[in-house]
Amino acid sequence: MSVAESIIASAPTLPWFGAGRFPLYLAPMAGFTDSPFRRMCQEQGADVLVTEFANAEGLVRGAPRVWEDLYFTPTERPLGVQIFGGDPALMAEAARMIVARLHPDFIDINFGCPADKVTCRNAGSSLLRDLPLLEKIAATVVQAVEIPVTAKIRIGWDENSIVAPDAARRLEGAGVGALAVHGRTKEQGYRGDADWAVIAAVAEAVAIPVIGNGSVDTPEMAVRLRQETALAGLMVGRAALGYPWIFRELKAGLEGQTPPSEPSLAERWAIILRYADERISLEGRDPATANLGGLRAMFKAMVKDMPEAAALRGALEKVQNRAELGECASTHLIKWQNKPSSK
């Protein structure tokens with residue numbers, strides 16, 4: 001048995017794979033996939049959750065608020081905590097600290113974020129240009145903790161450097177237990193179509209579970225990807241923002257059932273109001289006086305595809321508190337209550 005095979009054989013297992021299972025992950029999205037939103041997606045069928053990413057250096061240096069962003073409830077399991085960074089020693093120490101304090105089900109390493117504020121630190125998708133360092137970071141984290149370690153990558157830095165299959169083999173050899181692959185390059189950001197041919201090639205290149213990510217938004221697409229590729233699961237990101245019901249629709253399709261009807265406009269607004277209430281409660285603020293300005297980006301994401309969404313986003317820019325958010329919902333519902341809930 002080779003060293004790589006020995007590492008893989010001794011790695012902790014991820015029980016949500018195998019035996020006919022095909023888990024649906026909620027993708028971690030900075031500023032959006034906090035504990036209240038994760039729980040809403042879990043209620044609708046998300047099988048595995050991952051926290052918003054944390055800066056490993058910030059954790060080790062004791063930066064304020066970092067631990068707050070990693071908060072999760074016991075009901076959110078199975079759940080992984082995602083970290084990013086470019087220093088193997090700091091990444092390993094951050095992983096150890098997280099396991100000791102939070103006891104997640106797995107540690108996830110972000111090798112895919114395209115944001116300049118991350119890549120300028122030689123982290124995220126920047127490491128797709130330095131596969132030896134990417135491999136070293138993964139191996140160091142795997143050796144530092146006794147729980148499974150997973151990773152997420154993009155297919156490459158740009159269209160001229162598609163390295164995902166090579167990166168996947170290196171990560172497998174380092175002991176990573178599963179790999180999520182976003183089918184766009186760093187340079188694409190979130191524009192254009194995901195390259196599912198590359199994702200499928202990654203799934204064929206390694207023995208560990210590969211989770212596909214990129215514009216999965218219909219049951220038909222989910223079924224086709226399961227049938228035509230070696231993927232072990234799917235990850236849903238932006239399609240879930242404001243629409244956690246996407247998970248129940250995908251799951252119904254994968255189980256050969258007729259997808260349930262779309263939620264009503266009232267149900268969609270109820271989720272938004274519930275999200276606001278849970279965030280206020282989580283932060284220990286007074287509902288009567290809490291300023292919701294910091295949640296506007298989330299509110300605007302949650303009304304996508306609603307009738308007159310552009311005007312609605314403009315109205316949400318002016319919302320200051322819970323009462324005004326409720327008034328915005330009531331006004332919109334009165335106008336559109338007998339019309340379709342989306343588009």
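**Thr 140**

I began with Thr 140, which I found in helix 7. I am working from a predicted model. Is Thr 140 buried, exposed or partly exposed? I get 23% relative accessibility, so I count Thr 140 as partly exposed; buried would need a value under 20%. Next I looked for its partners beyond four places in sequence, and noted Pro 88 and Ala 92 as contacts.

**Confidence**

I checked pLDDT. The protein chain averages 92, and 95% of the residues score at least 70. I flagged residues 1-5, where the pLDDT is below 50. That stretch has three contacts in the model beyond near neighbours in sequence.

**Nonpolar cores**

I went to the largest nonpolar core and counted 103 residues. Phe 111, Trp 269 and Leu 325 have the most contacts inside this core. Which helix gives the core its largest share? I found helix 7, residues 131-144, with nine residues. I then listed the contacts of Leu 325, leaving aside neighbours within four places in sequence. They are Trp 269, Ile 272, Leu 273, Ala 276, Leu 292, Phe 299, Leu 316 and Val 319. I noted another core lying apart, of 13 residues; Phe 17, Ala 27, Ala 180 and Ile 211 are among them.

**Cavity**

I searched for cavities of 30 Å³ or more and the count came to one. The largest cavity holds about 40 Å³ of space. Its lining includes Tyr 25, Val 50, Phe 106, Asp 108 and Thr 150. Which strands supply at least two lining residues each? I noted strand 5 (106-111), strand 6 (149-156) and strand 7 (179-185). By class I have nine nonpolar lining residues, one polar and one charged.

**Helix 11**

I turned to helix 11, residues 246-254. Seven of its nine residues are buried, so the helix is largely enclosed by the rest of the structure. I list the buried ones as Ile 246, Phe 247, Glu 249, Leu 250, Ala 252, Gly 253 and Leu 254. What covers them? I found that the cover includes strand 1 (24-26), helix 2 (35-43), helix 10 (219-228) and strand 9 (233-236). I looked past the end of helix 11 too: Gly 256 follows, with a positive phi near 75°.

Terms used: Residues numbered from 1 in each chain as written. Predicted model: local features only at pLDDT ≥ 70, side-chain atom pairs only at ≥ 80, totals over all residues. Heavy atoms only, no water. Core = buried A, V, L, I, M, F, W, Y, C linked by side-chain atoms within 4.5 Å. Buried < 20%, exposed > 50% of the residue type's maximum accessible area, 1.4 Å probe, protein only. Helix = DSSP H or I, 4+ residues; strand = E, 2+ residues; numbered from the N terminus. Contact = heavy atoms within 4.5 Å. pLDDT = per-residue confidence, 0-100. 1 Å grid on protein atoms, 1.4 Å probe; cavity = no way out; pocket = protein on both sides within 12 Å on 5 of 7 lines; lining within 4 Å. Points joined across faces, edges and corners; volume = space filled by probe spheres on them. Nonpolar A, V, L, I, M, F, W, Y, C, P; charged D, E, K, R; others polar.
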